[in-house]
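Please open the model in a viewer and keep the selection panel at hand.

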Amino acid sequence: MDRVGIMLDWAVMQSGIRGDKSYERLPYYVEIGKELGMEPVFFHPRHVRSGGQMVLGHFWNGSRLVPRLVKVPRVIHNRVLTGDGRARATIRRLSRTRTVFNGLVVRDKWKVHQMLWKNPAIRAYLPHTVPFTPEKLQTFLDRYRTVYVKPAIGSVGIGVVRIERHEDAYRFIAFRRKRTFSRKRLMAEAARWVGNRRFLVQQGVPLARYQGKTFDIRVSVQKNGEREWTVSGLVAKVANRANKLSNLARGGRAVPLSQALEPLFTAEQQKEVVERIKQAAVEIARQYQHHFPSLADLGMDMGIDRQGHPYLIEVNVRDQRYSFYKAGELAMFKQTYRHPMEYARSLLAEKGRGRRTRPQSKQTWAGVG
């Protein structure tokens, strides 16, 4: 039976060794792997021995992870969310001799925006975004009723500020913080918030609402066993009224997308909206992959306006997937594990034929550069 590597965060590995649960469903990898004729080997980069040929792999025994020294698998799915310099260096070394998919990528939101902007076919999905300067913030405040100020590198809504214009006053909304300022006071507060860090200014899209609250959509976009980008699941994330953030870690909640769309669109319109979201997500994934060929597993946050037009909010290269679980979309949740495993099997099959694997996706949507 072929082995496939599943490279996980250190904290996730420790939870598995203790037999505790985490956001990763380790038994899913084992169950799906068995169906596909593969055995998952779980490890963190620091488990790789010097020389890069052997690893203290961990195997699921039904209740927890147990260690065993084995050869580093030929194909590895990188699920490491964070990594210090040593871990990143190990991943780079492994990528030279193994096929590591979803390897190291640029996480800088401004650089990602520039990469995506190069494709004219997807510009309509990208909100107006620029690096933060006081002058740019002034311009955005004049042009848009809602503006976001967000870190260039960050996740789960940390450091994000929403600014709403109400006549001559501005509401400054951050996690556990909501104040109303004059324009002059707002500029001073924004400058203090940003400090010397790199931030972006982004147009606030007029998002559709569910039960009076805005929502965005987590879209799992992955390569399948045919190495085609496909949408494994979609789920709505409803914003917390207090901080206007939809991140589940910031008080948002997940509901089935059909539940959020049903009050807004007819049944036929819902199908069209979902199809537009899927097409946009696949086009964006392909453009991102032009710059990082190892990509195969993405979680996109997308919004729709009141007409159902999709906008990209953020691309996550290590989707934690639990939005689907929280919304009760268990079939989608499991699908987000199945597709990467099917993709890994296709890579193992090609390696078994003695060919150097450089995975490329097939074109299924028109207009992608």
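**The whole protein**

Begin with everything selected, and bear in mind that this is a predicted model. In a cartoon view, the protein has 10 helices and 18 strands. Its radius of gyration is 21 Å, close to the 21 Å that the globule rule gives for 369 residues, so the protein is as compact as a globular protein of that length. Along the principal axes, the C-alpha atoms fill a box of roughly 65 × 50 × 40 Å.

Next, switch to a surface view. The protein exposes about 16800 Å², and carbon and sulfur atoms supply 49% of that area. Of the 369 residues, 55% count as buried. As for contacts between residues at least 6 apart in sequence, 64% of them join residues at least 24 apart.

**The cores**

In soluble globular proteins, nonpolar side chains tend to be buried together. Which residues have the most contacts inside the largest nonpolar core? Select Phe215, Val219, Tyr288 and Met300 to see them; the core to which they belong has 41 residues. Several elements give two or more residues to this core, among them helix H4 (109-117), strand S14 (213-223), helix H8 (267-291) and strand S17 (297-304). The largest share, nine residues, comes from H8.

Now centre the view on Met300. A second, separate core of 28 residues can be found by selecting Val4, Ile32, Met38 and Tyr343, which are included in it.

**Pro45**

Move on to Pro45, in the loop between strand S2 (38-43) and strand S3 (54-60). Beyond its neighbours up to four places away in sequence, Pro45 touches Met7, Leu8, Val80, Ala87, Thr90 and Ile91. For a sense of scale, draw a line from Pro45 to Glu275: the two are 230 residues apart in sequence and 38 Å apart in space, C-alpha to C-alpha.

**Ser15**

Select Ser15 next, in helix H1 (residues 10-18). Ser15 is buried, with a relative accessible area of 11%. Leaving aside residues up to four places away in sequence, its contacts are Asp20, Lys21 and Ser22.

**Two loop residues with positive phi**

The last two stops are Glu167 and Arg227. Glu167 lies in the loop between strand S9 (161-166) and strand S10 (169-174). Its phi is near 55°, a positive value in a residue other than glycine. Arg227 is found in the loop between S14 and S15, and it too is not a glycine, although its phi is positive, at about 65°.

Which of these two residues is buried and which is exposed? Glu167 has 71% relative accessibility, and the cut-off for exposed is over 50%, so Glu167 counts as exposed. Arg227, at 13% relative accessibility, counts as buried.

Technical notes: Residues are numbered from 1 along each chain as its sequence is written. This is a predicted model: local features need pLDDT of at least 70, side-chain atom pairs count only at pLDDT 80 or more; totals for chains, interfaces and linings use all residues. Side-chain values use heavy atoms; hydrogens and water are left out. Helices (H or I, at least four residues) and strands (E, at least two) are DSSP runs, numbered from the N terminus. Contact means heavy atoms within 4.5 Å. A nonpolar core is a set of buried Ala, Val, Leu, Ile, Met, Phe, Trp, Tyr and Cys residues joined through side-chain atoms within 4.5 Å. Buried means under 20% relative accessible area, exposed over 50%, partly exposed in between (1.4 Å probe, protein chains only). The radius of gyration is taken over C-alpha atoms; the globule rule is 2.2 Å times the number of residues to the power 0.38. Accessible areas come from the Shrake-Rupley method with a 1.4 Å probe; for residues, only the protein chains shown count as cover.
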